[in-house]
Amino acid sequence: MNAVFALMRKDLRLFFSNRRSLVVSIVAPILIAAFFGGLSAAEDSTPSKVAVGVVDEDRTPLSRQVVVALKADPNLEVTEGPDANAAASAADSISRASIKLPRGFGAQIGLALFGNSAKPQIELRWDPSQPMILPLIRGALTASVMRAVFDGGGAAMSAARGQAAVDNTLADQRKRDLAAMFDAIAKVQGSRPAAPAASAGNAGVDQGQPGMPFTTRETQMSTGAAMHYSGYGHAFAGMGVQFILFMGVDMAIGLLLMRRLGLWTRLRAAPLSRRALLGSRIASTAVIALIIFGIIYTTAISVFGVRVEGSVVGFAVVLMAFALLTASFGLLIAALGRTPEATRGLATVATLLLVMLGGAWVPSFVFPSWLQTVSLAAPTRWAIDGLDAMTWRGQPLEAAVLPVAVMLGFTALFSVVAVWRFRWEE
Amino acid sequence: MDNKVLDASGLRKSYGARMAVDGVSFGVAAGEIVGLLGPNGAGKSTTIGMISGLTPPDAGSVSVSGATLAAHEFLFKRRIGLVPQELALFEELPAAANIELFGALYDVPRRGLKARAMEVLDMVGLADRARDKPATFSGGMKRRLNIACALVHDPDVLLLDEPTAGVDPQSRNAIFDNLEVLKRAGKALVYTTHYMEEAERLADRIVILDHGRVVATGTPAELYRMLPTAQSLHVEVDGLVDEAGVLAALQAIDGVRRATIDGHRIEIALDDLARTTASVTQLLTARGIVMRHINSGRAKLEDVFLSVTGRQLRD
């Protein structure tokens, strides 16, 4: 038994004497558990607001009141665009939905409320990756429109009264009844205090629900009405990013092993500049990353129906930027790492954190709002967002610019630190 | 030495307060093998590092065929072939691919690189294993491939850092044969080793380092003469010896440096066995001493090494 205890003591001693491995064994589960626990705990905390882009093409008092009511909704973060193009652009880059109030909205809605006139059609575009926001947007829109109509200081009522009086489709008795009703409503409105801003809550809006003074034309933001969101698009982006980063870690460990085996010294003895030595490493890692990405997306496209609905050039540029990012990430690990064994553990934890924060496992839009903000500091978030934008979101080349710029910024930062900290001599 | 291919002069290197190399100078001519010896921590690896351009010296200079590291770094490095102590091989690349890689790193033209790779593989006896991966090689084969990688660009100087560590006698002899061929081809070779018999067999001149300094240098014969006992005669005799009288008579013989008697055993240090042995035996016979056994010996490089570096353990 002494021998067994001696062997056990040896194992325990070796394990606990390796501080880095110890930290990884303890810190990794704590961090991952904290991440997922934080996501579920977020249900009890303040939910993040839904970003909505609004275009008011009508510019009437009533439409302005709708916009004001939408901005007052506590569940929405409303950004108003000056025209359709600007709002569409804002909606594409930052918003989860967009609402367009058409010309004639204010004039049509009063009659539509009580008469037989055609209802104005509000264009509602929404992010298909977040189906849970659609009823929320519908409810907020309905509440805002109805509040503007009934609590809007009488402008809508007055306009509707005037329209009803000259509407040839209405019988005279019907016109008189409506005029009396409008007068009664105006009298009631004038005698009660202003109501507080209402929450959209779960008030559902049905596109064809009778009694609503408007209709909505709902389309997915990414792909247009005829195309549908595929979860595979996001999943392949996330897993591609994760495992290519792991490849970058492997390349870093390979460099540390080269040091240990004397190969690095041997290469340094050759007539090569430091730029050539490190540059070749970055280039080869980036090429490997691109090849892996190519195989992953070929499979995704041919087997799982993933499509590059947006800019193909943008998609390629995002892939290249992430490949360079992976290469610089690997170089940074190699520069900061000491032994291959300890570095592998720490780098794996760092990679897992990056991919979690980037939304590779759980889409970032389900993060609590603070975590969504924090995750913007993770380059993986930009990689995944960029790939999402170019694939199933169907965004144009311009939407790739910011993710690519951020990734190249991280690439430069990682490279500078790596070169600064790189140990040339053993 | 006027035809020095490698010229190291006044090399110094310190790491913090520790002086690793302190004013080391030596040269190597074309077609010469210089053995660089020293105990652990003597400064051999740092010296090799500075000569190969891996470690920048704090002071001093190195030139190869006139090119200095400071002025012509790449030209300087191209003229050196480094055989590191570690097996610097890509185990998962075939042997020929390893050599071609190093050839490309040293600017060997692509046209002819494959042929050159096969040429050096043939030289080290691995031509038939060109497509095999080093992972499948024996230790000796890997050592030979390690040398081949350093030869592919036809360097003027070959630095060999313990190239026979852990190989069997057959591979060791094969490596020695390779080095002899290179020497005859006019290459300048620097050879570090802990095996004294290797240095004795190969080296034309020997540089012994200790505590970062050159403590002895010269041909093996010159180094042996540094010892009090270059050659020796050991005589076992029957019966007791008139110790004082015999010792006095022995030390009076021309060529005898020293003599000691320990019971039935007489130890005599000589300058030249061939010239003095007869005089010694005649004297002992004349004094009626019956010689039961005579044995002669020569000083070894290890004796010189231990003499100049001491017997204290180095860690």
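**Close-up views of a predicted two-chain model**

**View 1. Buried residues of helix α5 of chain B.** The buried residues of α5(B) are Gly140(B), Met141(B), Lys142(B), Arg143(B), Arg144(B), Leu145(B), Asn146(B), Ile147(B), Ala148(B), Cys149(B), Ala150(B) and Leu151(B). A residue is buried if 20 or more other C-beta atoms, placed from the backbone, lie within 10 Å of its own. Because 12 of its 13 residues are buried, α5(B) is largely enclosed by the rest of the structure. This is a predicted model, in which local features need pLDDT of at least 70, side-chain atom pairs count only at pLDDT 80 or more, and totals for chains, interfaces and linings use all residues. Residues are numbered from 1 along each chain as its sequence is written, and chains are lettered from A and ligands numbered from 1 in the order in which they are written.

**View 2. Span and surroundings of helix α5 of chain B.** Helix α5 (residues 139-151) of chain B reaches 19 Å from its first C-alpha to its last, close to the 18 Å expected (1.5 Å times one less than its number of residues). Helices (H or I, at least four residues) and strands (E, at least two) are DSSP runs, numbered from the N terminus. The buried residues of α5(B) pack against β6 (80-83), α3 (95-105), α4 (113-123), β7 (157-161) and α6 (169-184) of chain B.

**View 3. The side of chain A that touches chain B.** In contact with 14 residues of chain B are 11 residues of chain A; contact requires C-beta atoms, placed from the backbone, within 7 Å. Helix α10 (residues 263-268) of chain A supplies the largest share of this side, four residues.

Key. Two residues are in contact if their C-beta atoms, placed from the backbone, lie within 7 Å.
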